[in-house]
Amino acid sequence: MYTQWANKPLDVESPTVITSSRSIAEILIEAGPAASQPFKQTPLDFIDNQSPSWLTEVQPHLRFRAGPTMRPLPRLTNDRFPVIGAGPDAVFLFLFTMAFCGLHFVAWDFSFPSHLERDLWRAASIAISACAFIFWVCETYQDGHRLGRWERWYAKLFHGDRNGRINTMERIRRNRRFIPVWEVILMTPVTVVYTVARTYIVVEVFLSQRSLPVGAFDTVQWSEFVPHF
């Protein structure tokens, strides 16, 4: 993947040009205090939720070629990561992910060509489920800090000057690293374990074809499944 990205062209697309009858200066003046902070990407940062972007956060962090480098950016980025939040969407995706990983436990007592392969399948099933759970816990925690969710909740619950406190925390949030060191250290082995376990499961699906149980060769009599009266 890194090799393919080495000389990848950037921003090859047709942008959608949005025109306005008012100048940027007029828009900023009418916006008032909301637009008083210095911008990092465009003068319209105050209407942008500044959610993480592949162009502005991930590529520079991974030391990929990133552009454009001038400020203000000539356009609003269109590669934002979806902000799932902590609502029903996040709960659904978590349950769906864990259900997908849990499907592999169905083959816990299936017939395998050897006891070693059966034990490896069980270990791989546990590993991918554990890795998925660890990923969700870490990403939910870090995403809350990255977007300032936990600080806003804390300010609303325990501080009287909510707006001032939230604005202060918002400035702190924007100065944070997109991917902290602790997350890289923790998720690197988790990613490796998940990749190895997933690879084994895919490979074992084909390897196990060499020694199928006797019942796999039975001819199905479909008429037996039709109700008889």
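Tutor: Here is a quick tour by topic.

Student: What should I know before we start?

Tutor: This is a predicted model, where local features need pLDDT of at least 70, side-chain atom pairs count only at pLDDT 80 or more, and totals for chains, interfaces and linings use all residues. Residues are numbered from 1 along each chain as its sequence is written, and side-chain values use heavy atoms, with hydrogens and water left out.

Student: OK. How many helices and strands does the protein chain have?

Tutor: The protein chain has 8 helices and 0 strands. From the N terminus on, the order is α-α-α-α-α-α-α-α. Helices (H or I, at least four residues) and strands (E, at least two) are DSSP runs, numbered from the N terminus.

Student: What share of the residues is buried?

Tutor: Of the 229 residues in the protein chain, 26% are buried. Buried means under 20% relative accessible area, exposed means over 50%, and partly exposed is in between (1.4 Å probe, protein chains only).

Student: And the accessible surface of the chain, what does it come to?

Tutor: About 16300 Å², and 65% of that belongs to carbon and sulfur atoms. Accessible areas come from the Shrake-Rupley method with a 1.4 Å probe; for residues, only the protein chains shown count as cover.

Student: Let's go inside. Which residues form the largest nonpolar core?

Tutor: There are 11: C101, A107, F112, W121, A124, A127, I128, A132, A197, Y200 and I201. The elements that give two or more residues to this core are α5 and α8. Helix α5 gives the most, with 5 residues. A nonpolar core is a set of buried Ala, Val, Leu, Ile, Met, Phe, Trp, Tyr and Cys residues joined through side-chain atoms within 4.5 Å.

Student: Take A107. What does A107 touch?

Tutor: A107 touches F112 and W121, not counting residues up to four places away in sequence. Contact means heavy atoms within 4.5 Å.

Student: How do contacts look over the whole chain?

Tutor: Take contacts between residues at least 6 apart in sequence: 67% of them join residues at least 24 apart.

Student: Now R122. Is it buried or exposed?

Tutor: R122 counts as buried because its relative accessibility is 17%. R122 sits in helix α5. Leaving aside neighbours within four places in sequence, R122 is in contact with W108 and D109. A polar atom of the R122 side chain lies 3.0 Å from the backbone oxygen of W108.

Student: Switching to the outside. Which residues form the nonpolar patch on the surface?

Tutor: F133, I134, V137, Y141, W182 and L186 form that patch, with about 530 Å² of accessible area together. The elements that give two or more residues to the patch are α5 (115–146) and α8 (181–207). Helix α5 gives the most to the patch, with 4 residues. Patches are made of residues with over 30% relative accessible area and no salt bridge: like charges are joined within 9 Å, nonpolar side chains (Val, Leu, Ile, Met, Phe, Trp, Tyr) within 5 Å.

Student: Why does Y141 count as partly exposed?

Tutor: Because its relative accessibility is 44%. Y141 is in helix α5.

Student: You said "salt bridge". How many are there?

Tutor: The count comes to 4 salt bridges. A salt bridge is a side-chain nitrogen of Lys or Arg within 4 Å of a carboxyl oxygen of Asp or Glu. Side chains of opposite charge can pair when their charged atoms come close.

Student: Show me some. What does R210 pair with?

Tutor: R210 meets E117 in a salt bridge, at 2.6 Å from N to O. That pair links distant parts of the chain: R210 is in the segment after α8, E117 is in helix α5, and they are 93 residues apart. R210 counts as exposed at 55% relative accessibility, whereas E117 counts as buried at 10%.

Student: And R22?

Tutor: R22 forms a salt bridge with E30, and their closest N and O atoms are 1.9 Å apart. R22 is partly exposed at 43%, while E30 is exposed at 57%.

Student: Last one. Where is I47?

Tutor: I47 is in the loop between α2 (24–31) and α3 (54–61). I47 counts as exposed because its relative accessibility is 57%. I47 and A35 are 12 residues apart in sequence and 8.5 Å apart in space, C-alpha to C-alpha.

Definitions and conventions. Polar contact = N/O pair within 3.5 Å; in protein donor to acceptor, adjacent residues only side chain to side chain.
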